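Subject: Handover of a structure

Dear colleague,

Please find the structure below, together with its sequence. My notes on what was found in it follow.

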Amino acid sequence: MNVTVEKNGSLIVPPEMVSAMGLSAGNQATVEVADGKILISPITALPLSGISGRGAVTVAEAIKKKNLQTGVRFIKGIGPKLAALLEKREIRTVEDALYLLPLRYEDRRELIPVTRLRPGQTAVFYGRVLSADEVATKGGRRVFEVLVGDDSGSVTCKWFHANAVWMKRTWKVGRNGVFSGEISQFGYQREVHHPDVEWLPEGTDPNSVLTSDPANFGRIVPVYPLTEGLHQKTMRRIMKEVLDVFLDNLESVVPAALLPSDFPALKVALSQVHTPPHDGDLQELNEGRTPAHRALAFDEFFYWELGLALKKRGVALEEGIAFQVTHRYTKALVKLLPFELTNAQRKVLSEIKLDMMSPHPMHRLVQGDVGSGKTLVALMAALVAVENGYQVALMAPTEILAEQHWHTLHRWCSQMGIEVSLITAGLKGKARKELLERVADGRAQIVIGTHAVIQEKIEFSCLGLGIIDEQHRFGVLQRGILKKKGINPDILVMTATPIPRTLAMTLFGDLSLSVIDEMPPGRIPVETKIYFESRRSQVYDMIRDEARQGRQTFIIYPLVEETEKSDLKAACQMAEHLETEVFPSLRIGLLHGRMSPDEKELVMSSFKNRELDLLVSTTVIEVGIDIPNATLMVIEHAERFGLSQLHQLRGRVGRGSARSRCVLLTPGKLSEDGEKRLRVMESTTDGFRIAEADLEIRGPGDFLGTRQAGMPDFRVANILRDGAVLEQARQAAFDLIEKDPELSAEGHGIVLEELMRRWGKRLELAMIG
């Protein structure tokens with residue numbers, strides 16, 4: 001007789017078994033007919049001992065298989081309405097519920113006398129309602145106020161959007177209760193806004209509530225993220241049911257030997273984050289730093305890093321191109337250069353050359369601060385590929401940067417007889433067709449462009465190296481498409497936005513890492529200073545002074561969106577205002593994202609050829625533009641920019657031998673984060689320190705600027721807080737793959753299965769490294 005458990009946790013049994021099992025409408029379980037099958041749900045409502053009759057053993061076995069994918073609708077006490085509310089928080093299964101961790105914790109282990117309540121503390125206290133009524137504030141707002149007191153003193157409780165009639169019925173004078181909430185102070189008055197309450201029958205010992213309602217009092221209580229209509233008490237009741245019924249079915253599949261010794265097993269860790277031990281450390285709990293929290297973070301990091309380790313291993317086993325370093329072009333380029341390579345550039349170049357000479361594909365990330373000379377390193381790598389008869393594709397995030405790369409590379413390569421082609425979105429008709437033919441037959445040796453390069457219509461004759469500039473603007477997907485343009489070409493990723501170590505390990509853990517940590521000699525750090533709007537005239541004097549000395553200035557104007565006409569209009573009006581009213585004697589140019597590539601090129605060459613004193617620009621110039629004579633960078637509304645953007649913009653000046661300055665102009669009313677950003681800019685020019693600060697201020701998602709940038713959606717782990725745990729998990733994952741590359745050893749099959757369940761789709765997408 002067939003008995004099966006559906007994925008949603010309901011039980012399907014043949015019709016004749018229902019009566020044999022003694023089920024009826026009076027049971028806790030619901031019996032319903034759907035598609036000719038009889039569904040019994042939730043199966044948690046069927047105690048094994050209560051089942052008898054035909055098929056009882058089979059039913060019992062089926063129930064034992066209750067798994068974490070059971071739908072929440074089948075948890076005892078959850079009906080359709082509650083299931084719909086949970087769905088809003090993306091809680092669809094038992095597993096989702098287990099991993100909905102508390103936002104914070106409240107200490108409800110003891111009752112505190114009212115006189116000892118302190119502002120800023122979240123406390124539990126006993127009291128009697130002394131008065132309750134709706135009052136009007138000075139601003140005409142209606143607030144419901146209740147005065148609660150014990151023998152030691154009184155405190156005011158307030159509700160701002162309450163139904164006064166219902167509140168008066170509930171909050172009757174003389175009623176006793178146990179209250180909990182955060183204490184605030186307004187003038188001399190202590191207040192609690194929207195406290196939780198547990199009403200007590202007359203004559204009850206208040207301390208008895210600490211034991212009579214263990215889910216909500218007498219312990220450290222979890223406070224969960226909610227949605228409208230859900231309440232903390234309901235969530236705690238649901239969580240208790242989930243832990244009681246399902247936790248035993250949870251198996252940790254991280255091999256015990258790899259788990260750090262001070263971390264509890266997964267089952268224990270989940271139990272402790274939802275029901276902290278009585279002697280738990282409240283601060284550690286609220287910071288997410290208890291061994292239980294760290295164990296859960298380890299579990300998440302471990303599988304992600306395991307996936308990256310497998311990817312790295314896969315790349316190491318792929319057949320690639322073993323390039324020969326003949327120095328035919330690289331030596332010729334060194335002779336053409338008017339300067340020496342820095343030691344850091346040489347070191348990174350030898351790492352790249354070793355990779356290129358190996359028979360497996362190179363997957364390397366080169367990090368370097370603004371102006372550290374990454375483009376030259378990329379060109380050297382490109383020349384190795386060209387020496388071997390292969391083509392190179394260089395992808396840049398913006399057209400203007402692609403154009404600049406073309407100018408730089410074309411300048412050197414044309415002297416060596418190497419053809420460098422630029423593909424832009426604006427290239428149309430006959431010219432486009434001709435260029436695509438040159439790429440397809442291999443005459444175009446180095447091809448530069450934005451994502452247009454990786455469009456399906458562009459075919460390479462023999463692509464040997466893909467260079468991706470400013471990696472985290474490209475999703476993993478583009479990396480993959482570029483890789484498919486050749487037969488396992490080498491991939492070199494460059495970023496001028498230094499990436500903090502924890503982020504690099506999470507995002508690019510499958511890439512080898514090189515860092516150009518030295519600036520070319522003679523570079524003078526750019527002085528940076530915040531100027532408030534009241535000192536604008538001083539900033540204008542600085543611009544005039546630079547122009548008198550024959551030097552140039554950038555003024556950057558922020559656009560919320562390049563396409564928003566109002567912002568564009570503001571930038572154009574600014575340029576006009578400066579030209580006619582502020583600097584009538586200076587030559588002023590305007591650069592913005594709505595201009596055609598030819599128009600931009602014209603403005604940029606005028607500025608480069610010193611035909612302009614001042615360039616007003618939107619942020620289209622943020623990366624890579626090289627004007628050694630520009631010595632002053634003025635950033636309007638600097639508080640609107642992210643730290644890495646400000647750092648990139650500042651990097652446009654200070655490229656010559658003269659002293660350079662960066663002025664951060666701001667109206668003066670700054671948010672806390674806004675001020676932090678500007679102070680960091682004032683205090684350092686070190687891109688890595690700036691990146692760490694930016695990550696701390698904005699968090700990983702915003703730091704990357706886009707969800708598709710490859711950042712995994714961790715449910716528990718936080719790369720800022722759990723950096724050390726990430727290191728441990730990475731080490732454990734890479735060690736495991738080192739010892740068992742196929743995860744085929746005994747007990748490791750289940751690890752591979754869990755990895756595919758969690759990250760299978762993401763890793764398949766990312767199989768390209």
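**The sheet and its helices**

Seven strands form an open sheet in the order 15-16-14-17-18-13-19, and their pairing is parallel. Its edges are strand 15 (420–423) and strand 19 (512–516), each of which pairs on one side only. On average, neighbouring strands of this sheet are turned by 20° against each other, direction ignored. Please keep in mind throughout that this is a predicted model.

Within the sheet, strand 14 (residues 391–395) pairs with strand 17 (residues 463–469) in the parallel sense, over five bridges.

**A pair of packed helices**

Two packed helices are described by the angle between their axes and the distance between the axes. For helix 21 (residues 643–650) and helix 22 (residues 672–683), the angle is about 35° and the axes are 10 Å apart. The crossing of helix 21 with helix 22 is right-handed. On the side of helix 21, Leu-643, Leu-646, His-647 and Arg-650 take part in the contact, and they meet Arg-677, Leu-678, Val-680 and Met-681 of helix 22. Five of the residues in this contact are nonpolar, one is polar and two are charged.

**Cavities**

How many cavities of 30 Å³ or more does a search of the whole structure find? The search finds two. The largest cavity holds about 50 Å³ of space. Its lining consists of Ser-252, Val-254, Leu-259, Pro-264, Ala-265, Leu-266, Ala-269, Ala-295, Phe-298 and Asp-299. By class, eight of these lining residues are nonpolar, one is polar and one is charged. Helix 8 (266–274) and helix 10 (291–317) each contribute at least two residues to the lining. Helix 10 provides the largest share, with three residues.

Yours sincerely

Technical notes. Residues numbered from 1 in each chain as written. Predicted model: local features only at pLDDT ≥ 70, side-chain atom pairs only at ≥ 80, totals over all residues. Heavy atoms only, no water. Pairing = 2+ DSSP bridges. Helix = DSSP H or I, 4+ residues; strand = E, 2+ residues; numbered from the N terminus. Axes fitted to C-alpha atoms, helices over the stretch in contact; angles between N-to-C directions. Left-handed = near helix turned anticlockwise from the far one by under 90°. Contact = heavy atoms within 4.5 Å. Nonpolar A, V, L, I, M, F, W, Y, C, P; charged D, E, K, R; others polar. 1 Å grid on protein atoms, 1.4 Å probe; cavity = no way out; pocket = protein on both sides within 12 Å on 5 of 7 lines; lining within 4 Å. Points joined across faces, edges and corners; volume = space filled by probe spheres on them.
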